[in-house]
Protein chains: 4
Amino acid sequence: MKEYTYTLRAKYYETDKMNVVHHSNYIRWMEDARTYFFDKAGYKVVQYEQAGVTSPVISVECEYKNPSTFDDEIGVDVVLEKYTGARITFSYVLTKIATGEIVATGKTSHCFTDAVTGLPIAVKKRLPVFDALLKDALNREI
Amino acid sequence: MKEYTYTLRAKYYETDKMNVVHHSNYIRWMEDARTYFFDKAGYKVVQYEQAGVTSPVISVECEYKNPSTFDDEIGVDVVLEKYTGARITFSYVLTKIATGEIVATGKTSHCFTDAVTGLPIAVKKRLPVFDALLKDALNREI
Amino acid sequence: MKEYTYTLRAKYYETDKMNVVHHSNYIRWMEDARTYFFDKAGYKVVQYEQAGVTSPVISVECEYKNPSTFDDEIGVDVVLEKYTGARITFSYVLTKIATGEIVATGKTSHCFTDAVTGLPIAVKKRLPVFDALLKDALNREI
Amino acid sequence: MKEYTYTLRAKYYETDKMNVVHHSNYIRWMEDARTYFFDKAGYKVVQYEQAGVTSPVISVECEYKNPSTFDDEIGVDVVLEKYTGARITFSYVLTKIATGEIVATGKTSHCFTDAVTGLPIAVKKRLPVFDALLKDALNREI
C-alpha cells in the first residue's frame, strides 16, 4: 500500500468560535491529501477529469482525536487501502507536526463515473494507465 | 429600485476563532440574498442557468460595521441599483434583526455571459422576459 | 427517539465543479440540523455555550446516495439515537424534498466538555435541565 | 512598501458549479496572503493574538478579472499600502502562475483591537516591536 504525506497550515477561516478547526474541514483536508496522492502517484485528478471521468465520494468517516487550530502545521498521511477497478478506498491519519499528536483519522470510499452520464465506468477499460498505476501503488510496500 | 429582505441564521462553521462570523461569509450571504432577489422578482437563477447563461461577479465590496456571531438572525436588504442590459449592480445592508444594528454594507456588480463560450451576452436578446423584469424592478419604487 | 426535520436550500458556493453539492457540506448541514434539534427540543446550543459548555464532535460518518445541487430544497431528518449523560449520538437522513430521493445518511457522536478546561463534564450535574430534556427526547416515540 | 508573494493551489471544494473558483474564496486567499506577509515580515498573526490583540477587517474590495479553477497554481502578491499605527491597508494582485494572467485584484483595511474589550488599541504602545516592524516594512522599497 502506497502512502504519501500531504502537509498544510490550518487557515483562519477554517477555525470556529471554539478556537479550533471546524470538524468539516478535516473532510476537505482528506480530499486535498487525495489530490496530492494522485499527483505524487503520477496521474493527476485533472487528468482523469479531462478524460471525462469523475470520482464521487461514496462514504466518509472521521474520528476526531485532538483539536487543531489556526496556523498549526498538519501532516495528512494518506494510504491507498483498496482498489477494485471500480471503487477505491483511502485511509488518513492527520497529525500535528510540531507535537506528533494525532488530530484525526479517517477513511473515504469513491467510485469512478462518466462525467456526462453519471454511470459507473470500468477504470481498466477507460483509463488503463491510471488503472495500472493504482494497482501498482496498492501492491507496493509502504 | 426594488428591494427584498433575505433572512438567515449565522451558522457555527461560519464563525472563526475571534467568535464572530468570518468576513468572507458576508460575501456569500450577499450572493444568497441575490438568489432570493431573483426568486422574488420572478426569474430564478436556475432559470437563466438552464438557458445557458451565467452571471459572473465583476466586483465586490463590503464594509464591516459590527460583528455578528453564531445563531444571530440576520436580515440582508438587497437593492437592484443598476441594470444596463449587460451588467447589473446590487447593494446590500446586513442587519442584526434582534437589535437593528447594521453588521455590514456591500455592493456587487455582475455581467451576463454564455455558459459555454464565456462571452458577454445581450440579455434583452437572449432572455427578453428576464430583461423586462429587471427593467421593471429597477423602475419600481421601494 | 425524538426526530425533527430541518430544511434548507443548497447554496451556490456549496456546489463544486462537478455541479453537485460538495460532500463536505453535508457534514455542515448535519450540524445545522443538530442546532435545529436543540432549538426545537427547547435548549439551544447558545444556552449550553453560555453556561461554559461545548460539545465537540467525536466522530462523523456519511454515506452519499444521490447528488444534490444548487437551489435544491433538502430536508434533514435528525434523530437523537443515544444519550449517556456524557456522550450523545445523532443520526440523519437527507432527502431532496421535490422528489423524496435520499441524498445521504449520516451519524455523528459528541461529548460535552468544559469550554475553559476542555475536560469532560457530567451533563446531569452541570446542566440538569438540559440532561432531563435529552432523556425525555430519547424516550419519546417519534 | 514591502511585498511578498504567497502561492497556493486552488482546491476542489473552492470551485463552484460554473467550474471556477467561487468569488468568496479570493477574499479568503487574501487573508492567507496577509498571514504569510506577517510571517515573512517577522511577526506572526499568532504572536499578536497571543498578546491579546485581534485585527478585524474594516473593508474588503475585489475586482475579478479572469477565472481560476481547480488545481491552478495562484500567486498572491501582497503589498502593505498604509499603516497609521491604528489601521493598516493591504493591496493584492492574484495571478495564475502558469500563464501570468491576472485573476483578481483587491484591497483590505483592518484595525487593531483588544481581544477582550473589542476597543481599538494604539499599536505603538501595546506592541512596539510589531509597530516598528510595520513602519519599517512600509518605508522599504519593493
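This is a predicted model: local features need pLDDT of at least 70, side-chain atom pairs count only at pLDDT 80 or more; totals for chains, interfaces and linings use all residues.
Trainee: How much area do chain A and chain C bury between them?

Mentor: The contact (heavy atoms within 4.5 Å) takes 21 residues from chain A and 21 residues from chain C. Buried area is the accessible area, with a 1.4 Å probe, that two parts lose on being put together, summed over both. Of the area buried here, 55% is on carbon and sulfur atoms, and the total is about 1,800 Å².

Trainee: Which residue of chain A meets C:K17 in a salt bridge?

Mentor: A salt bridge is a side-chain nitrogen of Lys or Arg within 4 Å of a carboxyl oxygen of Asp or Glu. Between chain A and chain C the count is two salt bridges. In one of them, at 2.3 Å from N to O, the partner of C:K17 is A:E49.

Trainee: Which element gives the most to the side of chain A that touches chain C?

Mentor: Helices (H or I, at least four residues) and strands (E, at least two) are DSSP runs, numbered from the N terminus. The elements that give two or more residues to this side are helix 1 (24-41) and strand 3 (57-64) of chain A. With eight residues, the element that gives the most is strand 3 of chain A.

Trainee: How many bridges join strand 3 of chain A to strand 3 of chain C?

Mentor: Two strands pair if DSSP finds at least two bridges between them. These two strands run antiparallel, and A:S59 stands opposite C:E63. The number of bridges is five.

Trainee: Which strands stand at the edges of the open sheet of 10 strands?

Mentor: The order is 1(B)-4(B)-5(B)-6(B)-3(B)-3(D)-6(D)-5(D)-4(D)-1(D), with antiparallel pairing. Each edge strand has a single partner strand, so one side of each is left without a neighbour in the sheet. The edge strands are strand 1 (3-9) of chain B and strand 1 (3-9) of chain D.

Trainee: At what angle does helix 4 of chain B run to strand 4 of chain B?

Mentor: Strand 4 (residues 73-83) and strand 5 (residues 87-96) of chain B pair in the antiparallel sense over nine bridges, and B:I74 stands opposite B:K96. Helix 4 (residues 128-139) of chain B lies across both strands. Axes are lines fitted to C-alpha atoms, for helices over the stretch in contact, and angles run from 0 to 180 degrees between N-to-C directions. Helix 4 runs to strand 4 at about 105°.

Trainee: Which three residues supply 35% of the area that chain C buries against chain B?

Mentor: In this interface, 16 residues of chain C are in contact with 17 residues of chain B. The two chains bury about 1,500 Å² between them, 51% of it on carbon and sulfur atoms. The three residues that supply 35% of the chain C area are C:Y12, C:Y13 and C:F70.

Trainee: Which residue of chain C forms a salt bridge with B:K44?

Mentor: The count between chain C and chain B is two salt bridges. In one of them, the closest N and O atoms are 3.5 Å apart, and the partner of B:K44 is C:D71.

Trainee: Which residue of chain A has a positive phi in the turn between strand 4 and strand 5?

Mentor: Nine bridges join strand 4 of chain A to strand 5 (residues 87-96) of chain A, and the two run antiparallel. A:D77 has A:V93 as its bridge partner. The strands form a hairpin with three residues between them, and the residue with a positive phi, about 95°, is A:G85.

Trainee: Why does the pair of A:K44 and D:D71 join two chains?

Mentor: The whole structure holds 40 salt bridges over all chains, and in the one between A:K44 and D:D71 the closest N and O atoms are 3.6 Å apart. A:K44 lies in the loop between helix 1 and helix 2 (45-50) of chain A, and D:D71 in the loop between strand 3 (57-64) and strand 4 (73-83) of chain D, so the chains joined are A and D.

Conventions. Residues are numbered from 1 along each chain as its sequence is written. Chains are lettered from A and ligands numbered from 1 in the order in which they are written. Side-chain values use heavy atoms; hydrogens and water are left out.
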